[in-house]
Amino acid sequence: MYEFAYHRPASVAEAAKLLAADPEAKLISGGMSLIPVLKQRLARPSALIDLGAIPDLVGISVTATTVTVKGRTTHAAVAASAEVRQAIPALAELASHIGDAQVRNRGTIGGSIAHHDPTADYPAAVLALGATVNTSRRSIAADDFFTGLFATALEPDEIVTAVDFPIPEKAAYVKFPNPASRYAMVGVFVAKGPMGVRVAVTGAGANGVFRHAAMEEALAKSWSPEALEGITTPAEHLNTDIHASREYRAHLIGVMAKRAVAKAG
Amino acid sequence: MGYEGIGASVRRREDLRFLSGRGTYTDDINRPHQAYAVIVRSPHAHARIRGIDISAARSAPGVIAVFTGADMAAEKIGGLPCGWQVKNKDGTPMAEPPHPVLAIGKVRHVGDPVAVVIAETKAQARDAAERIAIEWEVLPAAATMEAALQPGAPSVHDDVPGNVCYDWHLGDKAAVDAAFAKACKVARLELVNNRLIPNAMEPRCAVGEYDAATGDYTLWTTSQNPHVIRLLMGAFVLNIPEHKLRVVAPDVGGGFGSKIYHYAEEAIVTWAAGKLKRPVKWTADRTESFTSDAHGRDHVTEAELALDDQGRFLALRVRTLANMGAYLSTFAPCVPTYLYATLLAGVYTTPAIYAEVKAVFTNTVPVDAYRGAGRPEATFLLERLVDIAALEMGIDRVEIRRRNFIPKDAFPYQTPVALQYDSGDYHRTLDEALKAANWDTFEQRRAEAARRGKLRGIGISTYIEACGIAPSAVVGSLGARAGLYEVANIRVNPTGSITVFTGTHSHGQGHETTFAQLIADRFGVPMSQVEIVHGDTAKVPFGMGTYGSRSLAVGGSAIVRASDKIIAKAKRIAAHLLEASVEDIDFKDGMFRVAGTDRVKSFAEVSLAAYVPHNYPIEELEPGLEETAFYDPKNFTFPAGCHICEVEIDPETGEVEVVNFTAVDDVGRVINPMIVEGQVQGGVAQGIGQALLETCVYDEAGQLLSGSMMDYTMPRADDVPCIQVGTAVTMCTHNPLGVKGCGEVGAIGAPPAVIGAVVDALRDYGVRHIDMPATSQRIWRILDAGRQRLAAE
Ligand SMILES: Cc1cc2nc3c(=O)[nH]c(=O)nc-3n(C[C@H](O)[C@H](O)[C@H](O)COP(=O)(O)OP(=O)(O)OC[C@H]3O[C@@H](n4cnc5c(N)ncnc54)[C@H](O)[C@@H]3O)c2cc1C
């Protein structure tokens, strides 16, 4: 780890100001993605701006139509929330399978989606549920948020403050974990609801999370695992590594998608 | 206090310390005025060093010194020695290229140490290390054995063209050829024994200190054998005589072999401490461990088994390429030879065996012994080949094994590959395992799984291994540059408590418990009166350390011998006190008794008399009660057993789940059943890891692709089922305890049982063998190919 200055602002506005003032500064939320990078000396921020002292950034609220998870809410809190389990059980379950207990107690939704690790779980939920990402300056539709590998629509000085998830009629997430890291080697989130029928795939795309148009179309016609029979995923835009070739990933997308639909009921 | 002697499942005394964070590991040791070392390592698999500019590093904040290979060469620091010399077929010695502590001229693997920066803090050392500018001339790499053996391949060592370390053989080639000529059936197999990265929980660490007043050096290090490190580093590298060098291996968090060897960092911190007159500490981070701890396994093998029409084994022919990595690690040469080919008879009566082993240098991390060392490789090959023979001859897998077992009345049994087994009962371990695993009702479970959409399979292995290494004269004749006896010193303190100094080292095995039980058993004292001391050359007279499941068989035997000496002397003291003759003194349950009378002296009374010799046979007997024994084993010991594994495969994803695992092992006399069970479970977990999960992957340029926990799949709790462990014991005939060893049986017996189960689950897909690790992707490919074949038909 290199040396850095450390700030602990008390409000989002103050954090945004600090961030805008120093292009080399970085936000730190749970630190579960950032600290490994710092430890390996793969990044050299001039300062860390810790979001941990901003009470406004933590919490979950549920209305008749929407689950709102604030940016610094931990995976453990989402997993344990009775309200989330009631409204979008798939979201609570997804959160409960991120990393291990330590990671879930520190890692946060804002950090996860801002980081956009191509194998992270949350991006699939955000995209499939058609969520809205609220930031320190605006609201961004899920479809516009994830722009590529470790890339999002966030400006350098923009802070994720909350994510609004429209409550779906049906949804489920099924993950095939990478055997070593247990991040998603392939994760498929399917949802049917106010935002239509949507299928998002994480872990597999060479450019990060993506929607699966062919599957969405088939499921819109008939919401059943059988509807996905014969639908393939072109392999050329998929990841390949020592654990899974793009062909294997393409195959797993089909299997996970069917299982997700079956699970969603 | 319940019964604590031999056979009691006493809880491990050391666990409270470990589990409550009170252990003292090497990194917990901090010396006054300590400086920190960071090693600059090669990012290239193979490159010439055109120049190293250390000026910017030297002037960086907090930097005390920067050293390179040239500095060490200038002081005539030796290279890291190899402890075993293997000879070629023609009798010439193996190629043994130098292994400089810090690279000189060129680097040979990613992670090869090039320079060391020593600074006031670790962060400063890190910062300065980044300022070292090395001009590289990157060379093509020989990243795999296949690449290294190509004509015109890059030479890992310029003076070893062709990259062959040795070309060795064992067995009777003519007899094997003759047997193949008349065989009715030949089963063939080509396989890869996957390369593994040990990943002990505690990364390596070393702290060197020099006392300018006395000229004494101390090294604290994460080692399985501190005396061996003192010998190798003192005599071959730094030229420090033993009496001026103390090596301490305190609590060590797992080794699995990877902490046997003498590593560069140990020499660096010790040498630097002397030069700088300051203690110097180095601690590996996990990334460094991946590219600097010795790796394990890595064989490519072709094997053929000749059988008669009844499925009896006539002969075995094996050709193996064994990866040595870039340099010879301390015991590397003996692993694919004397710990491998000698095991190829297995538990079978195969009359003729011939094995050829070519050891190959590559631009990868050195490879050495890893839990099982050679024996898992032999067992995997043999057990897979036996399964294939059974399949191809239409003989049941269990039946073909029974037909070929060495019968229990054939011991001592001389194999055609040098070993003489002393005892065993392979039918019994097999029968008990079959029963415990409900082998006979497996088809019901297969059918039930099929109804759930799962492919279920069962696999079996009947293995043997050789441990308790080993008679010094024998290993010496095979090229070992050390004796392999063990040492115990027993000090009975004046009030009757007992301190045992053992030359073995415990790094997870529970010696502090097992050895204390032995003493409690021998002397009739409670375990609370017994202390086991290990891991410090200043306390323990000598020792060869712990590996190869030798601690109880060899170290425990030394403890027994020293105990016998103590009891013999104590009886003479008791005889004097009781005014009887020595022959009439019995010692039992901590009491010396004149036979047939109620005249007794307690052990504590006798020990007190030894130290306060007022009424004492001082003319005939020295005061005090302390004895040392060196025990040189008469033979290896031969644990054997049967492992049975059941798996279920998800046919859609290829995922394998181990659903049942049964192990029935003959580990000789069991001192502590709970510790044996734990050792077997841990070994099986590693065996499952090798079979299904773990593999080290280098790319063509020699970059390590599986260089972190994100990509190297260690087995986790949920990868391992509840393991049913049983023992069916025959006694070792040549050591005083009858013990054999249990540390490695799991890692040896499990892999072929797991792969056998996977192959069995895939039997409808025309699979006869699958290489390790049987990852979901590998299995999916087989399933996919099978489905496409079916679709085409
Ligand atoms: C062992 C381990 C296992 C894991 N397994 C999984 C897994 O299975 N699935 C999975 O999805 N993830 C996994 N993770 C990652 C984990 O979920 C992280 O918590 C998450 O990716 C990042 O969240 P964080 O709060 O820790 O962010 P940090 O690490 O603090 O930050 C990550 C990045 O996001 C930026 N950032 C943080 N908060 C905000 C914000 N509010 N607005 C804008 N930018 C922000 C930071 O500047 C940084 O660049 C694992 C991590 C570890 C260490």
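Begin by selecting the ligand and its shell (residues with a heavy atom within 4 Å of it), which draws at least three residues from each of domain 1 (5–166) and domain 2 (170–264) of chain A, with bounds that come from an automatic or database domain assignment. This is a predicted model, in which local features need pLDDT of at least 70 and side-chain atom pairs count only at pLDDT 80 or more, while totals for chains, interfaces and linings use all residues. Residues are numbered from 1 along each chain as its sequence is written, chains are lettered from A and ligands numbered from 1 in the order in which they are written, and side-chain values use heavy atoms, with hydrogens and water left out.

Next, display the 30 residues that surround the ligand, the closest being A:L27, A:G31, A:M32, A:L34 and A:T108. Then look for polar contacts (pairs of N or O atoms within 3.5 Å): one oxygen atom of the ligand lies 2.6 Å from a polar backbone atom of A:G31, and an oxygen atom of the ligand is 2.8 Å from a polar backbone atom of A:S33. The protein covers 90% of the 960 Å² of accessible area (Shrake-Rupley method, 1.4 Å probe) that the ligand has on its own.

Finally, colour the two domains of chain A separately, and you will find 22 residues of domain 1 in contact (heavy atoms within 4.5 Å) with 23 residues of domain 2. The area buried between these domains (the accessible area, with a 1.4 Å probe, that two parts lose on being put together, summed over both) is about 1900 Å², of which carbon and sulfur atoms give 61%.

Terms used:
Polar contact = N/O pair within 3.5 Å; in protein donor to acceptor, adjacent residues only side chain to side chain.
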